[in-house]
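I open this notebook to record what I looked up in the structure, entry by entry. The sequence and the coordinates come before the notes.

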Amino acid sequence: GELKLVDFAFFNKIVYEPEGNLEAMLDLWMSDWHLVKQQRRESGCVDPERCNVVDWATWFVFDGKVGTKHENATVLTVRGTKTKLEAVFDLDLWAVAGLRNVASQFALLGPVVNAFLVSDIVGVWYRHKKARYRSIVRYMQLRKILEPHRTYYISGHSLGGGLANLVSTEISIPAVTLSAPGVQQTAQLLGLDPLKLQYLAMNVIPRTDP
C-alpha cells in the first residue's frame, strides 16, 4: 500500500519521543509497523560496527509488518534538532552555505569569498563531514543489497530532513521531508549532485511548524 504524507509526519513526530514512549505510540497508532533499529546519539553509539565518535546522526528504521499492506516497505527517519549535539551539527553542516549567502550580499567581497568557498581545498575539507551521517548511508546501502525487493524511503524533519535529502542524493532513494533546509549548496560542497533532488525529494513545510 502507498504511504501518505501523514504517515511520514507521524514517524517524524515519534522519533523525538524517549525510548519506550516511541514504541508505545507506534503500537497504538501505526500497528502495521515495527521499529527494527534505532541509533540515539544522546545515549552513545549503539552499533559500534557502523558508527563512531564523529557520527552525530540520530535515526530510526521502521519496517512494515509481515502480512500487512506495508510488509515490503522500509522508512528510515532521521531526527531533527533535539540535543545540544544536534544543535552543533546544524551549525557544522550548513555554516559554509550560509556564509556564501551572506557574502553574496556584498558586491566586492562576495565573489572573492565565494571563489574560496568553492575551491578544491575547501571541498576536500568539507567532504569529511559525510562522516557525520555515514552510519545512515552504510545501513541503507547494506539493506538495499540484502533485501532488494523492499521499497525504501528516507525521511526527516528540520536538520533530519536536510540529512535525509543528502542521503537521498547520495544513494538514490526517495526522500519525504518536513521543513528541511535547502541543501543544494551543501550537496555541491559534499561532492553530490543536487539535481537529483528534483525527482527524488519532496519537502513539506507545515504552517504551524514551531
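**Entry 1**

I began with I136, setting aside its neighbours within four places in sequence, and found contacts with A57, W59, L76, V78, I154 and V167. I note here that the model is a predicted one.

I then looked up the largest nonpolar core, which has 28 residues. I136 is listed among its residues with the most contacts inside it, together with L76, Y133, I154, L163 and L166. Helix 7 gives the most, with 6 residues. I also recorded another core, lying apart from this one, of 17 residues; L3, F10, I14 and W33 are among them. As general background, nonpolar side chains in soluble globular proteins tend to be buried together.

I checked strand 2 for burial and found 6 of its 6 residues buried, so the strand is largely enclosed by the rest of the structure. Both of its faces are covered. On one side I listed W59, V61 and D63 as buried, and on the other F60, F62 and G64.

I then looked up the pairing of this strand. Strand 1 pairs with strand 2 in the antiparallel sense over 6 bridges, and L35 has F62 in strand 2 as its bridge partner. Strand 2 also pairs with strand 3, again in the antiparallel sense, over 5 bridges. Here F60 stands opposite T77 in strand 3.

**Entry 1: Helix 1 and helix 2**

I turned to the packing of helix 1 (residues 5-14) against helix 2 (residues 21-29). Their axes lie 10 Å apart, at an angle of about 155°. Helix 1 and helix 2 are therefore roughly antiparallel to each other; the cut-off for that description is an angle over 145 degrees.

Which residues of the two helices meet? From helix 1 I recorded F10, F11, K13 and I14, and from helix 2 L22, M25, L26 and W29. By class, this contact has 7 nonpolar residues, 1 charged and no polar ones.

Finally I listed the buried residues of helix 1: D7, F8, F10, F11, N12 and I14. These buried residues pack against helix 2, strand 1 (33-39), strand 2, strand 3, strand 4 and strand 5 (175-178).

Terms used. Residues numbered from 1 in each chain as written. Predicted model: local features only at pLDDT ≥ 70, side-chain atom pairs only at ≥ 80, totals over all residues. Heavy atoms only, no water. Axes fitted to C-alpha atoms, helices over the stretch in contact; angles between N-to-C directions. Helix = DSSP H or I, 4+ residues; strand = E, 2+ residues; numbered from the N terminus. Parallel < 35°, antiparallel > 145°, perpendicular 65-115°, else oblique. Contact = heavy atoms within 4.5 Å. Nonpolar A, V, L, I, M, F, W, Y, C, P; charged D, E, K, R; others polar. Core = buried A, V, L, I, M, F, W, Y, C linked by side-chain atoms within 4.5 Å. Buried < 20%, exposed > 50% of the residue type's maximum accessible area, 1.4 Å probe, protein only. Pairing = 2+ DSSP bridges.
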